[in-house]
Every structure is written in structure tokens, then in C-alpha cells.
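This report walks through the strands and helices of one protein model, part by part. Please keep the structure in view while reading.

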Amino acid sequence: MNIKTKLRINTLFSVVVVIIVSLTLLSASQQVREAIDKHRMADQIGRAIFELATVANDYLAHHEKQASRQWQLKYDSLTGLITDRRFQETEEKYLLKNIQQHHESLKKTFSKLLANDENRSRDEREAQVAAELERRLAGQLAVTSQAMLSLVWQLAERSHAGVIKAQQRANWIVMLLIIIIAVIIAVSSFLLGISILRPIAELRKGTEIIGAGNLNYKVGTGAKDEIGQLSSAFDKMVKDLKSVMASRDELTKEVAERKKAEEETLRRGALLDAINRVFYEALTCETEEELGKTCLAAAEDLTNSKFGFISEINPRGLFDSISISDPGWKACKMSEAEAVASLSDMKIRGIYGHVIKKEESVIANAPGSHPARIGLPKGHPPLTSFLGTPLKRSGRIIGMIALGNKESGYDLKDQQALESLTVAFVIALDRKRAEEALKKREEELEKKTIELTNANKLIDAINRVFYEALISESEEELGKTCLAAAEELTNSKFGFINEINPAGRLDTMAISDPGWEACRIPKSEAMIKIFDIEIRGINGKVINDGQSLIANDPASHPAYIGLPEGHPPLTSYLGVPLKRGSSVIGIISLGNKDPGYDLKDQQAVESLATAFVEALDRKRAEEALREREDQLKKQTADLTNANEQMEQEIIRRMRTESDLYERTKELERSNRDLQQFAYVASHDLQEPLRSVSSYVQLLARRYRGRLDSDADEFIAFAVEGAKRMQELILDLLAYSRVGTHGEKLEPTDSATALTRALTNLQTAIEESGAAVTHESMPIVMADKSQLIQLFQNLIGNAVKFCGDNPEVHVAAERKRGEWIFSVRDNGIGIGSEYAERIFVIFQRLHTMDKYSGTGIGLAICKKIVDRHGGRLWVKSREGAGSTFYFTIPIEEENCYEDGNK
């Protein structure tokens, strides 16, 4: 097997090993991802069950169809999750089957709950039975959901154990593969060295022995490669030489032949020595240029040439010089810059181009007269003779060796020697490049090994954080574990983890012990400084920019603000933001890595920061879930006790509710009768009252002044009484019609209603000289005519009960889901003891001769406000004016303000 084949096999074997390693690592990574997917799916099932229970509680609280539809959507989503095929192990299938059974039970129970709600009867006894059934079904829902959460928790614990097991298995596989790769590389390098170096050493030893005159020695190495072929040719040469010298009788006749053979032997010895130099240089040199210089020097020594060069055809079909002899540089008259530029991308033309074109050696002892001549570059030394030999690899031309200026000119022996040397040079060059490729591959493998080791460290750190999130009792323990892992990953001396609190400042979650030991601040003072820290300096830049920051000379950074007194010196700094989505929630800060931080440290801590935020959120979610489970357990116990108490309470409550229902029906009937009575009475009384009033007014017109003064006074009293009675009847009629003849509540501009009321009161306002002002009025849901009447009554009272220079101001303010209207005056005021009495029908605080009226206006106002779902009250002080307030609720789905919806 030749050397080229050995190198190809070795390269192919390396590629196969890399492919096997990659496939093995890919399989291990796939197992880890599958285990993580199982754990993530278990978490999703748990969250879905919790959300399903929350929607069910919302439905039980409000009995809305939207909640039932949401429950069905959540149920369908949970169905898709629990039918996932990721869980294939026996215990996982068993847990999942139990979850599915409970899941079906949830559906049946909720369907019963919906059916019970739809079939709820108005009959009191059946309604009570339906309510009791609803409470029991709600208890079944809570117990079933709790059982499902317990099963999901077991499934999550098992999947998490699978994640840890898969990661440990992957770590062992990586370590085993690294050991196998190292052993294979060492063995292949050892075997390759034995198969090449040992035959070369035997060949060199044989040349020395034969060169000393021992023609009976055979070099034969037994190798079946190029070196073996070379040693066989050498042995044949020695055998031929021995046969020439065998006949002593013809010794005198063959002196010339002997001298010629000796010269040939010396030439071949020199050739072998040159070949050995080339092969030896291939083993010891660092670069291809050094190998080329050794080969060119050997070629010049073999042929007594003054200078020469070795060039290789590049992918563009041009010449790149591998080596050029120093005598050529010394004899060159062109500038060094021009000479260096001519060493690469040279056009293949002229005599040396003729060598490439013919694909065979060319001798030109008169280069100037050669047909392929093109002349020499300006400054090139004169060329008196030329020998060019192509470099071949598997029959393909890859370059050439060119020699020049041998004094006696070149001959066939020079050509043969150079051709033999080119074969050795191509072999040595290929082996050198194969060694460099192998060395580069080894360096890449070593680099990948280091990267795998670092990746394993990062995976181990992330596993520690997630494991700590499962077993730790507090967030502080989780923070300490994460900080310790970050310090180990980056070889940092100390650091801390801070979280942004609701006030926009930093609270410390964890700080490393080395930081405390190196800190000269008293621990009591330092503990005060690790909470509610202002965001500024280098840490502030990391948080405000939302990007990691490396500062290996922190003191020279633009954002540096110095250290607190007693803080240990900071020689290097790495800050990484903690992010939840796109929001920065905190920072991991590390310090004093020797000699400083790099991009790999930043990337490792960024990955760890992502895992820490997820673990922290999971920890907090688990704590919330645990609290919720405790609440559910307590609620389950309370429900059980409540059910027992409810069974005892149900008979008494049924009796009480039955009595209450009868009383409510009686009260509604009585209210209807009273409203009908008030309407009929006020309506029927108007006809005889009009007759009485008409005749009394007729008496007053006809007999005023004809009778005595007492008769005129009595007639005046009768007219005034009839007028007052008519006013009372009209006001009573208006009072009774507030609740029965009102219009539908609709969006109403209160500013328009106020304007109408002021128009109706224009005469009274002008007579009293009152000044009525108002602020911006909103659009509200109201009965427009009743709102006008409400404003008219309140403003009319303010104008009536006024002092000197009356002033009335109307305003509106939105507050807590309602509009609060106010009517303020500077009138006579009301005593605090009468604040409630004035809203009762027919209640007056003044005599008729002082202030007119029936005493029913404020009662009507109270009834209008009650119909609109609001409140009416007064704030007043006698002699200091009054302010009447009333409210109108704001509907959430139709909010109107300043004329805009």
C-alpha cells in the first residue's frame, strides 16, 4: 500500500470517526430534548387544569354563559394536551390514563352543573333542591381537579427525573467518546509513523553502508509503497554494479566503465542523499516553504545550478512560487516590491510554460534561441542555461522545478536526477500537507473537546439551577446556587445577583461569600446597602441598555462611578441583564477574573441568566400553586363542613324563604294598589275641585264689594284654598306618575335638560334677580323629561328660598362609576336635624304665608333619583346656603362623557 493511499485511509477513518461521534452526540441530545419536552408538557397540563378549575369557580360565582364557553375551550385544550403521545413509559401511561379518567369525570360533572342551571325552576322548593345539587357538584369539581393536579405533579416529577437521567447519560457518552477519539488518534499517528519513518531510516542506513563500499548489502525494506520501490531500485543498482565488478579479468578493460559506474553511484548517492534530505525535512520542517527551500537547494547542489525556483499551479491556472533560491535574489536587479509581486499569480508562458504544455522536462542550454522564448523581465539576471521538470501527482501536472545557469549546460543525467527528486518532493509535499491537515484536525478536535467540556459545565450549571428550583425552600437559596455556578463558569472571585423592586431600585437576591470576606465594610452596614440600591454606574448601564457589558479595566469605563468605602478592588467586570421577555428585571454582576472576561464568559452567563429567570419564575409559580393547593384543601374541608351544616339549615331556610316570598308578593301588590289609589284619587278629585274653584272664583268676581268685608275675606280664603287643593292634587298626580309613566332610560345630554329647566324658570329667575351658572355637563343614561323636572325643582327651590343677591351654581363630577351632580345656593339654609325630613312627602319647614308650595317637590326629586338608581342628599347650614347632591350611575358598556361615547 503506497503512502498516498495510507494518508487517504487515515483521513477517511478520521471523517468516519467524526461522523459517528456527531451522530452519537445528536442521539444523546435528542434524548435530552425529549425528556425536557415531557417535563414541559407536564407543566402545561398542570397549568391547564388550574385554569380549568379557575373558570369553573368563575361560572359558579356568576353563572354566565361566557364562563361556560371558556370552560369548554379550556377543557378542549386540556383534552389535546393529555392525549399527547410523548409519555410512553408504563408508569407515565398509568398516570396519564388516571388523568384522562378524571378528565372525563370533570366533563360529566360540569355537564350536570349546566343541566341543573338550565332546568332551575321558579318553584321555591325545586330551586332550593337545585341549589343544593349545585353545591354538591361544585364540591365534586374541586375534589376531581385536586386529584388531577396531584397526578400531574407525579408525572412532572417523573419527567424531571427523566431529564436528569438523560443528561447524565449524555455526559458519560461524551466522556467515553473523547477517550475513544484520543486513543484512535494516538494509535493511527503511531502506526503511520512506523510505516513511513522506519523504512526511511533503513533506506538512509543502507545508503551509508553501500556508500562505504559494501556492495553485498541489500537495502530492501519490505515496504510496499514508494519508499519500498525506491529501495528496490537501489538494490538493483547495487546488484548491477556488483555484476560489473564481478569479472576481475576484464577489470582493466572496464576501467572507464567502472569510473562511469562509480560516478553514477556517486550521482545516485547524491540523489538519494537529496531525497533523504527532502523526506527528512518533510518530517522536521514547520511550513511548506521550508520544505520547498530544502528541495530547491538539493536540486541546485545535484545540478550545480546558480539559481532556480519551485512553483505550483493555483486554482486560477497561474503560478504561485513555493520557493526561490537566494542567489536569484542577490543577482536580481529589480526592486524587492516588484520581485515579491511577481511570486504569485504568474502567467504560465515562455520556456517554463513550454514545460507545462509538453508535460515533460525541457533542457535549453541556449535559452535565447529557444522557440518558446519571450525574453526576461526587466532587471532579471541573464539566463545562460535552463532545465525545467514538471511536478506530477497521479499523472496530473501540479507545478514545476526550474533551474538555471549551470556553467557547462544541462544534460540527461541532470534531467533524470531532477525528475527523481521531483517524485520525492511531491510525495514529501503531499505527506506534509496531510500531516498539517491531520494536525489541524487534531487541533479542531481538541478545540471541540474544550468546547464540549465548557458546554457540559454550562449544562451542569443550568441543571444545578433547575434542580435547586425544585428542592430549595426559598428564592435566596436559588440565587446563591446560580451565583456560585456563574462564578465557577467564569473563574470569578465574587459577584452578586440583584432584582429590580417595585420602586425601580435594586434588591440583592444573592451575594458571594468571597465578596463578604474581602469586604472591609462592617457586615451590619453592608447588609443595609444591599437593599433598595439606586440604579447607576456600570450596573445601571447594563440595566438601562438591556445588554451585557465586559469591562476589563472598570476604572476607565465612562459609566464608572467608583466603589463604596471598604469595597474590595475591582480589576475586571462582567454584567449580564436578567430578562423576562423583553423586560429587564435584574442583573448578574461578576468581578475580578484573572486576566479578564471574554465573549465566551458573556455567552455562558447569558445562557445561565435565561435559565435562572425561568427557574425563578417556575419557583414562584410552584409556590403560588402550593399555596393554591393548600387553599383548595382548606376549601374542600370547609365545603364538607358546610354541606353538613347546610343539611341542617336547609329546612329552616326553606321555611324562612317561603314566608319572605309571600310577604314580598303582598308588598308588591300593596305598592301597586297604593300607586293606583294615588293616581285615581288625584285624577278623580280634579273634576269636583274644578267645579268648586270655578264657582268660588265666580262669587269673588260678582260679589266682591257688594257684601261686607268678612264675606270678601271668606271668599278670598275659599279661592286660595281651592287653588292650593288643585296644586296638591297635581303634585300628587305627578308624584304617582314618576314610577309608572316614565320614559325609557337613554343617553341624555344633561346640558340640554338644564337649559330646558332654566327656560321654564325664566320668569322666577328674572323676578328674583338670581344669577344661575353651571359647569360642563355630561351625557348620562336618563329619562329626559324627569331629568328636566329634577333640575327645575332643585333650582326653583334655590331661587325661592334665597336671600339678597341670590346665586345658584350647578356642577357635575365623575367619581367611582357614577356622576355626582350638585346644585349650590347662598340662600337661607336648612338645619342639620331636617336633612332627612325634607325629602318626605308633604313635609314643610315654613308656613304658607312665608313661602308658597305643597311640600311635595323634593319628594318627587327623591323618587326620580331612586328610579335612576342614584342617591339624593343635602349639605347645609342654617343661614349659610345649601348644596343638593344627586347621583346617576355610569353604565360600564356605554360610558358617555362630554358628549363623546
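This is a predicted model: local features need pLDDT of at least 70, side-chain atom pairs count only at pLDDT 80 or more; totals for chains, interfaces and linings use all residues.

## A sheet with β9 and β10

Strand β9 (residues 573-580) and strand β10 (residues 583-591) run antiparallel and are joined by 8 bridges. Within this pairing, Lys-579 has Val-584 of β10 as its bridge partner.

Strand β6 (residues 494-500) pairs with strand β7 (residues 506-511) in the antiparallel sense, and 5 bridges connect them. Asn-498 stands opposite Thr-508 in β7. The two strands form a hairpin with 5 residues between the strands, and in this hairpin Gly-504 takes a positive phi near 80 degrees.

## A sheet with β1 and β5

Another open sheet of 5 strands has the order β2-β1-β5-β4-β3, again with antiparallel pairing. At its edges stand β2 (319-324) and β3 (362-364), and because each has a single partner strand, one side of each is left without a neighbour in the sheet. Neighbouring strands of this sheet are turned by 20 degrees against each other on average, if direction is ignored.

Inside this order, strand β1 (residues 307-313) and strand β5 (residues 396-404) are paired antiparallel over 6 bridges, and Glu-312 has Gly-399 of β5 as its bridge partner. Helix α10 (residues 350-358) lies across β1, β2, β3, β4 (386-393) and β5, and its direction is at about 35 degrees to β4.

## Helices α2 and α3

Two packed helices are described by the angle between their axes and the distance between the axes. For helix α2 (residues 65-82) and helix α3 (residues 90-118), the angle is about 165 degrees and the axes are 11 Å apart. Angles over 145 degrees count as roughly antiparallel, and α2 and α3 are therefore roughly antiparallel to each other.

In this packing, α2 passes α3 in a left-handed crossing. Among the residues that make the contact are Trp-71, Tyr-75 and Leu-78 of α2, together with Leu-96, His-103 and Phe-110 of α3. The residues of this contact of α2 with α3 divide into 9 nonpolar, 5 polar and 2 charged.

Helix α18 (residues 750-760) packs with helix α20 (residues 784-800) at an angle of about 50 degrees, and their axes are 8 Å apart, which makes α18 oblique to α20. The crossing of α18 past α20 is right-handed. Its contact includes Leu-754 and Leu-758 of α18 as well as Leu-787, Ile-788 and Phe-791 of α20, and the contact residues divide into 8 nonpolar, 4 polar and 2 charged.

A search of the whole structure finds 6 aromatic pairs. In one of them, the rings of Phe-791 and Phe-821 have their centres 6.1 Å apart and their planes at 75 degrees, so this pair is edge-to-face. Because Phe-791 lies in helix α20 and Phe-821 in strand β15 (residues 818-825), the pair ties together parts that are 30 residues apart in sequence.

Key: Residues are numbered from 1 along each chain as its sequence is written. Side-chain values use heavy atoms; hydrogens and water are left out. Axes are lines fitted to C-alpha atoms, for helices over the stretch in contact, and angles run from 0 to 180 degrees between N-to-C directions. Helices (H or I, at least four residues) and strands (E, at least two) are DSSP runs, numbered from the N terminus. Angles under 35 degrees count as roughly parallel, over 145 as roughly antiparallel, 65 to 115 as roughly perpendicular and the rest as oblique. A crossing is left-handed if the near helix is turned anticlockwise from the far one by less than a right angle, and right-handed if clockwise. Contact means heavy atoms within 4.5 Å. Ala, Val, Leu, Ile, Met, Phe, Trp, Tyr, Cys and Pro count as nonpolar, Asp, Glu, Lys and Arg as charged, and the others, Gly among them, as polar. Two strands pair if DSSP finds at least two bridges between them. Rings of Phe, Tyr and Trp (its six-membered ring) pair if their centres lie within 6.5 Å; planes under 30 degrees apart count as stacked, over 60 as edge-to-face and the rest as tilted.
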